[in-house]
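Visitor: I have a structure open and want to learn how to read its features. Can you walk me through some of them?

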Amino acid sequence: MKLDRGWIWGLLLLFSLAGAAAAAQEKQLELDVTDIDEDMGLDNEELNVLLEGEDEEEEMEMEDDEATVMDEDQADKTDGAASGKAGVDANVSFQVTYKTPVPTGEVYFAETFDDGSLDRWQQSKTVKGDAEDDIAKYDGKWAVEQLKENKIPGDKGLVLKSRAKHHAISSMLNKPFVFQDDTLVVQYEVNFQDGIDCGGAYIKLLSDTGDLNLEQFQDRTAYSLMFGPDKCGEDYKLHFIFRHLNPLNKDTEEKHAKRVDVDLKKFYTDKKTHLYTLVLHPDNRYEILIDQSSVSRGSLLHDVIPPVNPPKEIDDPSDSKPEDWDERAKMPDPEAVKPEDWDEEAPAKIEDPEALMPEGWLEDEPEFVPDPIAEKPEDWDEEMDGQWEAPQIPNPACETAPGCGEWKRPTINNPQYKGKWKAPLVDNPNYQGVWKPRKIDNPDYFEDLQPFRMTPFKAVGLELWSMTSDIYFDNFIITSHKEVADRWASDSWGLKKLVASANEPGIFAQLTIAAEERPWLWVIYILTVGLPIGLAVLFCWPKKSDDEYVYKKVDPPRADIEEEEDDEDEEEDTAADEDKAAEGTEGAAATEEAEDEEEEEEEEEDEDEVDAGGDNLGDDDEEEEEEEEEEEEEEEEESKAPERTLEKEKEGGDVTEESHKQAVRKRRVRKD
């Protein structure tokens, strides 16, 4: 069987697509590791060091490049072990050995929570200033725990444990950060382990005011900037707010950075650990990153709301618009006159004069009649309820009629209707433009070209309200060097990303999970898969050329044809044998007849010789009549020959014998 080239190319295309998908799925983990390497600037040696363990006895049983995720039981057993140690689960084939990250440069604050304690942190003991008494207290619980999913043995974090409560906890920096000539880098991890309904996961850098008391930390405690994710309803935000000091009146005002340029929903719903980074430069530039990817950039001078510097001029509050100020760009034409045939009283709708009442319309029958079956209730009091009347029902007589009651003509648009006449508009010669108040110098104007120089801060705090529990925080770092923060992330968040990628289901499992949550996706899947296959079959399926078809009136089965041919061959052989036998018999009879004819001819010649000439004429006429009769009989026999042939095919050898006998008889009759 020959296949079309198009069909072969279609198969090759489908096989190549399937192979590419399988290869992409197999290399997913490898690509994730490569992404980590590129984002964090790690070379091969550093990545190998990252995956090496500290426990020498367990490392001897593993290959240098092998890594494994611990199961929950083994992970729980290692919780009390020294930081940096990890157990081995023989049932898993991919192990990660974790070592508590250590800052590689100067930092103002670094916290991993791997020691399992909150000794460095202070929970607030005050109440929220503007909240109701029953919920004003900061009594939300905090704990140091491992992640619920994709946990790494030895790695712990700070977890917000209560829902629908106020939480406040803070810690002092190693030393205050002063906004002068050093870049500020703030970085930490967040994992919404149970998703998020309404709540935040942002941090505040508490200002160095001299009277800062962490036990009294609340929503009104002064802070220099606030940074981190926040969500309520369907509004997903990533805050960057800093407090700017007005140099004139010494008031502070919050400045909000513009919204980020990406969809934040996936970071709140995928239950993965994400890395949030803020980089603030002394030249007022800022950059916000999520998972080492930039999502927003801008300037403190131009990309915040409200602006840092007020306008130089403002509208004069004492100025007002003159009474004769004409703001109309167009005005009615004063010279225009209403046409005489303009009828303002003409109705917009009129009755259709061509409409006719339908045949069978019952004008004398009402549309509704009292229900003849209804009866007055026994408890009906005519003095209290009034005279009882039966409820109305549709008139049964109107069911078969086109309508009942008074017939009214339908209305149509009035062709003579023009409405109220208005003069056309022309340019206003007195147009003065849109009035605006005059500008005056802004008495509150100032120009601060260095908003970066904010109030120094000396503590970091989390003051949150959440309707969802188990929000995970980890690996806080505040430094002046982006490289230090990147290396810190590679030793901490990089491992979490690697483990999450290794445990992530394949592409088909992800599609199935998504379809379970949104059943309408099955339709998309079927169309996506079925449509290309259908088109490939349609365009690539081999087609027969018209030359290969043979058109026949009757196309019997091949087996029947062969049987008929065999039967015909046998009948022909039988007929041939019978013809030979008949010819032999006819030959003998013909010989005898020839001798008889010769004798008769001799006798006739003798008689002819005796008879005179008149007799010769009579004999000639008789011979001509006999010859004509013989020719007619031969023509009849030729016309009947095809019929005899068909009869032979149907009736067999008996019919053939009878036909031969009849022919012989006819010949004898002619001769006689």
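Guide: Start with Asn475. Asn475 is buried, because its relative accessible area is 1% and the cut-off for buried is under 20%. Keep in mind that this is a predicted model.

Visitor: Where does Asn475 sit?

Guide: Asn475 belongs to strand 25, residues 471–479.

Visitor: What is the phi of Phe113?

Guide: Phi is near 65° at Phe113, again a positive value in a residue other than glycine. Phe113 lies in the loop between strand 1 (107–111) and strand 2 (122–123).

Visitor: Is Phe113 buried or exposed?

Guide: Buried. Phe113 has 0% relative accessibility, so it falls in that class.

Visitor: What about peptide bonds? How do I read those?

Guide: Most peptide bonds are trans. The bond from Ile305 to Pro306 is cis, with omega near -10°. Pro306 is in the loop between strand 15 (304–305) and strand 16 (313–315).

Visitor: Which residues does Ile314 touch?

Guide: Ile314 is part of strand 16. Leave aside residues up to four places away in sequence; Ile314 then touches Arg438, Lys439, Ile440, Asp441, Asn442 and Pro443. A C-alpha pair tells a related story. Ile314 and Asp444 are 130 residues apart along the chain, and their C-alpha atoms are separated by 9.8 Å.

Visitor: How accessible is Ile314?

Guide: Ile314 is at 26% relative accessibility, so it counts as partly exposed.

Visitor: On to helices. How is a packed pair described?

Guide: Two numbers do it: the angle between the axes and the distance between the axes. Take helix 8 (residues 482–491) and helix 9 (residues 493–503). Their angle is about 40°, and their axes are 3 Å apart. Helix 8 and helix 9 are therefore oblique to each other.

Visitor: Which residues make the contact between helix 8 and helix 9?

Guide: Helix 8 supplies Ala489, Ser490 and Asp491. Helix 9 supplies Trp493, Gly494 and Leu495. By class, the contact of helix 8 with helix 9 has 3 nonpolar, 2 polar and 1 charged.

Visitor: At what angle do helix 10 and helix 11 pack?

Guide: Helix 10 and helix 11 (residues 521–540) pack at about 135°, with axes 8 Å apart. Angles over 145 degrees would count as roughly antiparallel. This pair is therefore oblique. Leu511, Ala514 and Ala515 of helix 10 meet Leu521, Trp522 and Tyr525 of helix 11. The residues of this contact are 6 nonpolar, no polar and no charged.

Visitor: How do the residues of the pocket lining divide?

Guide: The lining of the largest pocket has 12 nonpolar, 9 polar and 13 charged residues.

Definitions and conventions: Residues numbered from 1 in each chain as written. Predicted model: local features only at pLDDT ≥ 70, side-chain atom pairs only at ≥ 80, totals over all residues. Heavy atoms only, no water. Axes fitted to C-alpha atoms, helices over the stretch in contact; angles between N-to-C directions. Helix = DSSP H or I, 4+ residues; strand = E, 2+ residues; numbered from the N terminus. Parallel < 35°, antiparallel > 145°, perpendicular 65-115°, else oblique. Contact = heavy atoms within 4.5 Å. Nonpolar A, V, L, I, M, F, W, Y, C, P; charged D, E, K, R; others polar. Buried < 20%, exposed > 50% of the residue type's maximum accessible area, 1.4 Å probe, protein only.
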